[in-house]
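Take a look at the aromatic rings in this protein chain. Which rings pair up, and which charges sit over a ring face? The report below goes through them.

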Amino acid sequence: EENEAAERDYSTQAAQNAPANDKVTDAEFDPIGKSPGASGPMPPKPATEALARKAADYGLVTPDLQPQDLRACKVISEWLHASNLYPQFRTPTAIFAVIMRGKELGLGVTTALAGFHVVEGKPTASADLIRSLATRSEKCKYFRLVHSDDTYAEWETWHADHPEPTKYRYTIEEAIEAGLNSGNWKKRKRDMLTKTAAVKLARICYAGDVLGLYAPEEFNDSYGEAA
């Protein structure tokens with residue numbers, strides 16, 4: 001007991017005698033390592049500086065390589081353009097624009113590039129992308145194909161705020177009247193009707209989720225085999 005009392009007296013005296021203007025050193029100040037729930041200490045200073053240099057060169061990315069700032073987006077756009085894997089986007093700035101559009105929709109970089117085409121000089125979403133955005137909506141109870149053949153396609157969905165499901169049917173007669181009667185519209189009627197009916201229903205019921213998005217099939221009949 002006498003030893004414990006002596007130790008307490010010594011600690012109290014040391015605290016009283018400490019200079020009032022003492023500053024916390026870098027080694028002592030560890031807001032991450034010492035914060036509640038922290039997983040470990042901060043990296044040593046050299047590693048932090050190395051990361052800062054890399055961020056200056058390449059920008060910041062997530063562990064799955066999604067850009068987090070303009071520098072990273074620019075670098076990734078240039079690399080993807082150099083890969084020649086997305087020839088529909090002719091410049092790095094075109095890729096940059098699609099990455100931004102995809103980010104607004106909650107898409108990763110390569111998913112956005114795969115989901116958009118260029119029609120009449122504008123980025124145009126694929127029918128599958130539009131439908132997937134609709135089904136992703138928190139208000140979507142279901143989105144299902146009811147019928148499809150070479151004469152018409154019909155889809156049904158149920159928006160949570162609507163009293164009952166909504167159906168949409170698109171016929172080959174409507175397509176022909178719109179001038180869609182050659183190319184894939186002649187060779188693959190069922191596929192084209194199915195895609196077009198789905199995107200029209202998506203815009204009717206989930207306008208906020210697919211705002212401003214149109215599928216290539218809706219523009220003209222010269223889109224080609226990728227439709």
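## Ring pairs and a cluster

Rings of Phe, Tyr and Trp pair if their centres lie within 6.5 Å; for Trp, the six-membered ring is used. The model here is predicted. Searching the whole structure turns up 4 aromatic pairs. Ring pairs join F143, W155 and Y206 into a cluster.

## The tilted pair

Y58 and W79 have ring centres 5.8 Å apart. Their planes stand at 50 degrees, so the pair is tilted. Planes under 30 degrees apart would count as stacked, and over 60 as edge-to-face.

This pair links distant parts of the chain. Y58 is in helix α2 (residues 45–58), and W79 is in helix α3 (residues 70–83). The two are 21 residues apart.

How accessible is Y58? Y58 is partly exposed, because its relative accessible area is 45%. W79 has 55% relative accessibility, so W79 counts as exposed.

## The edge-to-face pair

Y170 and W185 form an aromatic pair too. The distance is 6.4 Å centre to centre, with 65 degrees between the planes. That pair is edge-to-face.

Distant parts of the chain are linked here as well. Y170 belongs to strand β5 (residues 166–171) and W185 to helix α8 (residues 184–187), 15 residues apart. Are these residues buried or exposed? Y170 is buried, and W185 is buried too.

## Charges over rings

K141 lies over the face of W158, 4.0 Å from the ring centre. R169 lies over the face of Y152, also at 4.0 Å from the ring centre.

Note on methods
Residues are numbered from 1 along each chain as its sequence is written. This is a predicted model: local features need pLDDT of at least 70, side-chain atom pairs count only at pLDDT 80 or more; totals for chains, interfaces and linings use all residues. Side-chain values use heavy atoms; hydrogens and water are left out. Helices (H or I, at least four residues) and strands (E, at least two) are DSSP runs, numbered from the N terminus. Buried means under 20% relative accessible area, exposed over 50%, partly exposed in between (1.4 Å probe, protein chains only). A charge sits over a ring if NZ of Lys or CZ of Arg is within 6 Å of the ring centre and within 35 degrees of the ring normal.
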